[in-house]
Amino acid sequence: MTKKLSSASRHESVPTQRMADVSGTAQLVALWLHGKTPKSQKSYDRDVREFISFLTNQAVSQVRLNDVDLRTVTLNDVQAFQDYLESRRPEPKPHAKTKPTGNLTPNAIKRKMASVKSVLRFGCEIGYLQYNVSVPVKLPKTKNTLAERYLTEMEVMTMIALCQNQRDRLILRLLYLTGARVGEIASLRWRDIKPNRDGLGQVTLFGKGDRTRFVVIKADLYKQLLEYRGKKGESSAVFPSRKTGKPVSARQIHHIVKNCAVAAGLSKDVSPHWLRHAHATHALDRGTPPQLVQATLGHEDLSTTGRYAHARPNQSSGLDLPG
């Protein structure tokens, strides 16, 4: 007499043949991009298309993802693509009258290579690719340019003090005091700003990597925000555009910050991210624990936070030398 297996037993006895059904590069890329932000999806998709464009000698605009089966890609292909990208780095020559022909910054090259390595690693992880041929390829090192994008405390305070518009001044203060990314400020709704304790406020920021963090803000800033809010509802944008009433865009905030920098007499090409850099650097200079700065800025790795300290060192062995 044959013993019948339960449905659970039958399920357990059938081995999983593959993690995902993948019919080609396009489907692999779609699985790889799943869950990423629309901005990231657009950027990463283009990076992969550039890789395929290089392999097929087509214009990027003409590329279809299935033009190349990633199972046929070799280490030679990945290394050759990296060499090609490096050849597009600008190489300005002293006293040259013509502009450099390259158009890729080191950071752009690093991101494109990271995208290619990531999709190949993902394909290997789900069993579509037998090998991850990009493992031996090292991402290029990039220069730490944080010191070149530095604002002093006085420069930040001057920008805020000379900003006459209430909305714009609050945007500057929030960017600086929360260390928020420009997109996080642009998307704020009033339900994201709540009282904390002891008269302090709390801002809920949702940003890079689809991560949420809660940042405590000063009592006077919270009070100013409430005064600015008036009777606006919970779902209303904290910073609406004066023309459309819709939330201000990241581009509009860029213009606001740039105009305030000009009004403060700063010749630097200041952007909202400079205020994030300033937050980290000034907090570390004042002795704030790196772990707290990391949590406030939403850095995934403490080493990222540490870059700000390295960009503004206060000691050097050269200080002990004569001359």
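**Figure 1. Strands β1 and β2 form a hairpin with 5 residues between them.** This is a predicted model: local features need pLDDT of at least 70, side-chain atom pairs count only at pLDDT 80 or more, and totals for chains, interfaces and linings use all residues. Residue numbers start at 1 along each chain as its sequence is written, and side-chain values use heavy atoms, leaving out hydrogens and water. Strands (E, at least two residues) and helices (H or I, at least four) are DSSP runs, numbered from the N terminus. β1 covers residues 193-195 and pairs with β2 in the antiparallel sense over 3 bridges. Pairing requires that DSSP find at least two bridges between the strands. K194 has Q202 of β2 as its bridge partner. D198 sits in the loop between the two strands. Its phi is positive, near 55 degrees, though D198 is not a glycine. Most residues other than glycine have a negative phi. D198 counts as exposed because its relative accessibility is 74%. Exposed means over 50% relative accessible area, buried under 20%, and partly exposed in between (1.4 Å probe, protein chains only).

**Figure 2. Strand β2 has one covered and one uncovered face.** The strand spans residues 201-207. G201, V203, L205 and G207 make up the covered face. Q202, T204 and F206 make up the uncovered one. In a regular strand, side chains alternate between the two faces of the sheet. β2 also runs antiparallel to β3 (residues 211-217), joined by 7 bridges. Here L205 stands opposite R213 of β3.

**Figure 3. The largest nonpolar core has 40 residues.** Such a core is a set of buried Ala, Val, Leu, Ile, Met, Phe, Trp, Tyr and Cys residues joined through side-chain atoms within 4.5 Å. The residues with the most contacts inside it are L151, M159, L174, I185, L225, F239 and I253. At least two core residues each come from α6 (153-162), α7 (166-178), α8 (182-186), β2, β3, α9 (219-229), α10 (250-263) and α11 (272-285). α7 supplies the largest share, 6 residues. Which residues does M159 contact, leaving aside neighbours within four places in sequence? They are L151, L172, V257, C260, A261, A264, L266 and V270. Contact means heavy atoms within 4.5 Å. A second, separate core has 28 residues, including W32, V48, L70 and L129.

**Figure 4. A search of the whole structure finds 0 disulfides.** A disulfide here is a pair of cysteine sulfur atoms within 2.5 Å. C163 is in none, and the nearest cysteine sulfur, that of C260, is 3.5 Å away. C163 is buried, with 7% relative accessible area. C124 is partly exposed, at 27%.

Figure 5. α12 runs over residues 290-297, and its buried residues are V293, Q294, T296 and L297. An α-helix has 3.6 residues a turn, so residues three or four places apart point the same way. G298 follows the helix, with a positive phi near 80 degrees.

Figure 6. N57 lies in the loop between α3 (38-56) and α4. N57 has a positive phi of about 60 degrees, although it is not a glycine. N103 is placed in the loop between α4 (75-87) and α5 (106-125). N103 and R89 are 14 residues apart along the chain, yet their C-alpha atoms are separated by 5.9 Å. Not counting residues up to four places away in sequence, N103 touches R88 and P90.

**Figure 7. The whole protein has 13 helices and 3 strands.** Of its 323 residues, 38% are buried. Among contacts with a separation of 6 or more, 57% join residues 24 or more positions apart. The accessible surface comes to about 20,100 Å², and 52% of it belongs to carbon and sulfur atoms. Areas come from the Shrake-Rupley method with a 1.4 Å probe; for residues, only the protein chains shown count as cover.
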